[in-house]
Amino acid sequence: MTEDHAWGDVFDRSPSGQLFLRVGDGVLMRSDRGTWLIDLKIPSKGGHHHLQVPIGKHRTIDRLAHELRRGDESP
């Protein structure tokens, strides 16, 4: 896939006609203050753009992270 082709596929529309942006990669990150942010990697003509969206504190994400860590520690 060429960079131009990747850039052309960044925007699309849902069946209902709503515009959406394709994301190449995304992660949830927790800050030192305990708040979460979404880090998105979006393809573009020049390579990639990164967008960080702060989403605040979320107990559901905290709980999932705790469960995943606990599961990794099990033999």
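Me: Which strands form the open sheet, and in what order?
Reply: In this predicted model, three strands form an open sheet in the order 3-4-5, and their pairing is antiparallel. Helices (H or I, at least four residues) and strands (E, at least two) are DSSP runs numbered from the N terminus, and two strands pair if DSSP finds at least two bridges between them.

Me: What holds paired strands together in general?
Reply: Strands of a sheet pair through backbone hydrogen bonds, and the pairing is either parallel or antiparallel.

Me: Which ones are the edge strands here?
Reply: The edge strands are strand 3, residues 25-30, and strand 5, residues 47-56, and each of them pairs on one side only. On average, neighbouring strands of this sheet are turned by 20° against each other, direction ignored; the axes behind that angle are lines fitted to C-alpha atoms, for helices over the stretch in contact, and angles run from 0 to 180 degrees between N-to-C directions.

Me: How many bridges join strand 3 and strand 4?
Reply: Strand 3 and strand 4, the latter being residues 36-44, pair in the antiparallel sense over six bridges. Gly26 stands opposite Leu40 in strand 4, Met29 has Leu37 as its bridge partner, and Arg30 has Trp36.

Me: And how many between strand 4 and strand 5?
Reply: Strand 4 and strand 5 pair over nine bridges, again in the antiparallel sense. These two strands form a hairpin with two residues between them, and within the pairing Lys41 stands opposite His50, while Ser44 stands opposite Gly47.

Me: Is strand 4 largely enclosed or exposed, and why?
Reply: Seven of the nine residues of strand 4 are buried, so this strand is largely enclosed by the rest of the structure. Buried means under 20% relative accessible area, exposed means over 50%, and partly exposed is in between, using a 1.4 Å probe and protein chains only.

Me: What about Gly34, where does it lie?
Reply: Gly34 lies in the loop between strand 3 and strand 4. The hairpin of these two strands has five residues between them, and Gly34 takes a positive phi near 85° there. Gly34 is buried, with a relative accessible area of 7%. From C-alpha to C-alpha, Gly34 and Lys57 are 6.6 Å apart in space, although they are 23 residues apart in sequence.

Me: Switching topic, how many salt bridges does the structure hold?
Reply: The structure holds two salt bridges, a salt bridge being a side-chain nitrogen of Lys or Arg within 4 Å of a carboxyl oxygen of Asp or Glu. In one of them, the side chains of Asp12 and Arg22 meet at 2.7 Å, N to O. This pair links distant parts of the chain, since Asp12 is in strand 1 (residues 11-13) and Arg22 is in the loop between strand 2 and strand 3, 10 residues apart. Asp12 counts as partly exposed at 30% relative accessibility, and Arg22 is partly exposed with a relative accessible area of 39%.

Me: Which residue does Arg30 form a salt bridge with?
Reply: Arg30 forms a salt bridge with Asp62, and the closest N and O atoms are 3.8 Å apart. Arg30 lies in strand 3 and Asp62 in helix 2 (residues 59-73), so the pair ties together parts that are 32 residues apart in sequence. Arg30 is partly exposed, with a relative accessible area of 48%, and Asp62 also counts as partly exposed, at 22% relative accessibility.

Me: Now the whole protein: what elements does it have?
Reply: The protein has two helices and five strands, and from the N terminus on the elements run α-β-β-β-β-β-α. Buried residues make up 17% of the 75 residues in the protein.

Me: How much accessible surface is there?
Reply: The accessible surface of the protein comes to about 6,300 Å², of which 54% belongs to carbon and sulfur atoms.

Me: Before I write this up, what should I know about the numbering and the model?
Reply: Residues are numbered from 1 along each chain as its sequence is written, and side-chain values use heavy atoms, with hydrogens and water left out. As this is a predicted model, local features need pLDDT of at least 70 and side-chain atom pairs count only at pLDDT 80 or more, whereas totals for chains, interfaces and linings use all residues.

Notes. Accessible areas come from the Shrake-Rupley method with a 1.4 Å probe; for residues, only the protein chains shown count as cover.
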